[in-house]
Amino acid sequence: MNALLHIGLEKTGSTAIQGYFTQNRALFAQHGIYYPASPLLPDHTKLAVYALRDNVFSDIRLRHGVSDPDSLLAFRRSFKQEFATEMSGQQAKTIILSNEHCSSRLVSPQEIKQLYNLLRLFFEKITVVIYLRRQDQLLLSTFSTSVKAGNTKPISIPDAETIQRSPQLIKRYEYYSLCQRWASVFGKKNILVRPYETSQLFKGDIVSDFLHATSLPVLTPPKRLRLNPSLKMPALEFLRQINAHIPVFIEKTPNPLRGDIVRLLEKNPQFNIEPMRADTRQFIDFFNKSNALVAQEFCNRPDGKLFLEEVIREDDSTTYTLTAETSTAISGYLWNEQQKQIDKIKKVRMRIQKRYNK
């Protein structure tokens, strides 16, 4: 069997790819293409949970009950066995794996090697598929994601000196080094790099582009859905501030009081009006040389042009002022939505009670 390992990046339409293959698992299986369940549908998060270095107990591990060395050992044993069992019964020629945390969380060759050592037990050839988004766009979109995950700090656009002093920023945004890390483990010829720009995607769509780039058949037309959208202002600023009062985790356990706040904010266009703005020209300029190397060595582009869309100049300000009036309006909206959910639960309970009382 061969495998296609899609590793993101984050904020490059990974949710759409994962949703497409999850919804069409049976159809693709009939054609010798399989999207496994054991790494956890729809996004195969267990791949990153498994491969993260031993001393990391971050949010994605906590969500899987991995909070100490003993629980990590138990998880690795259990997942490896589950995956082996699922693969042993497979007649498919191609296995598709997809998790964007692999690119953002597995930042050392040792972690990538941990994943490789697992996968090589089952596959003759593994092709790593990476979608790269222009760094300034990724920075702003990542901030939105971090706020959804509980971040309380305002955004700060790193300057060149800050980037140079931050290994974390280099590992996340310096794409040539990222591609080299994965190539050093899986082999350069097995790395497939795709720029994430609408103008460069096949048919302007991420799922269509993935199928085209990997020579997979279009068994059913992809639906263009807006999944996992970035929050805009004022919803983004409201959530950032409310995170300090209703945290995502309490004592390493998901906070039940947080409820459905992120989804409710995402779905209301009244509070997603203005995109976050910042002057990111110096930030993207810092990575121009790295991007050129990726284009030349991994995309076969002698001109060194990885991204084609123009960088738009923005105001230097990154500060958004959330007024009391807007904050009250959002709070009222959330309260009403929560009451609707409570009323639905009450009606269901009443129907159940009536059945039992007959």
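These legends cover close-up views of a sheet, a pocket and a cavity. The model is predicted: local features need pLDDT of at least 70, side-chain atom pairs count only at pLDDT 80 or more, and totals for chains, interfaces and linings use all residues. Residues are numbered from 1 along each chain as its sequence is written, and side-chain values use heavy atoms, with hydrogens and water left out.

View 1. Strands (E, at least two residues) and helices (H or I, at least four) are DSSP runs, numbered from the N terminus. Two strands pair if DSSP finds at least two bridges between them. In general, strands of a sheet pair through backbone hydrogen bonds, either parallel or antiparallel.

**View 2. Strand 3 and its partners.** Strand 3 covers residues 94–98 and is joined to strand 2 by 2 bridges. Ile33 stands opposite Thr94, and Tyr34 has Ile95 as its bridge partner. Strand 1 (residues 2–6) runs parallel to strand 3, with 5 bridges joining them. Here Asn2 stands opposite Thr94.

**View 3. The two faces of strand 3.** Thr94, Ile96 and Ser98 point one way. Ile95 and Leu97 point the other way. Buried means under 20% relative accessible area, exposed over 50%, and partly exposed in between (1.4 Å probe, protein chains only).

View 4. A pocket is an open set of points on a 1 Å grid over the protein atoms alone, with protein on both sides within 12 Å along at least five of seven lines; lining residues have an atom within 4 Å of a point. A volume is the space filled by probe spheres set on the points, which are joined across faces, edges and corners. There are 15 lining residues, with Leu257, Arg258, Ile261, Leu334 and Gln338 nearest the centre. Helix 17 gives the most, 6 residues. Helix 14 (261–267) and helix 17 (324–357) each supply at least two.

**View 5. The largest cavity.** A cavity is a set of grid points where a 1.4 Å probe fits but cannot get out. This one has a volume of about 50 Å³. Its lining is Leu9, Glu10, Ser103, Ser104, Leu138, Arg172 and Leu178.
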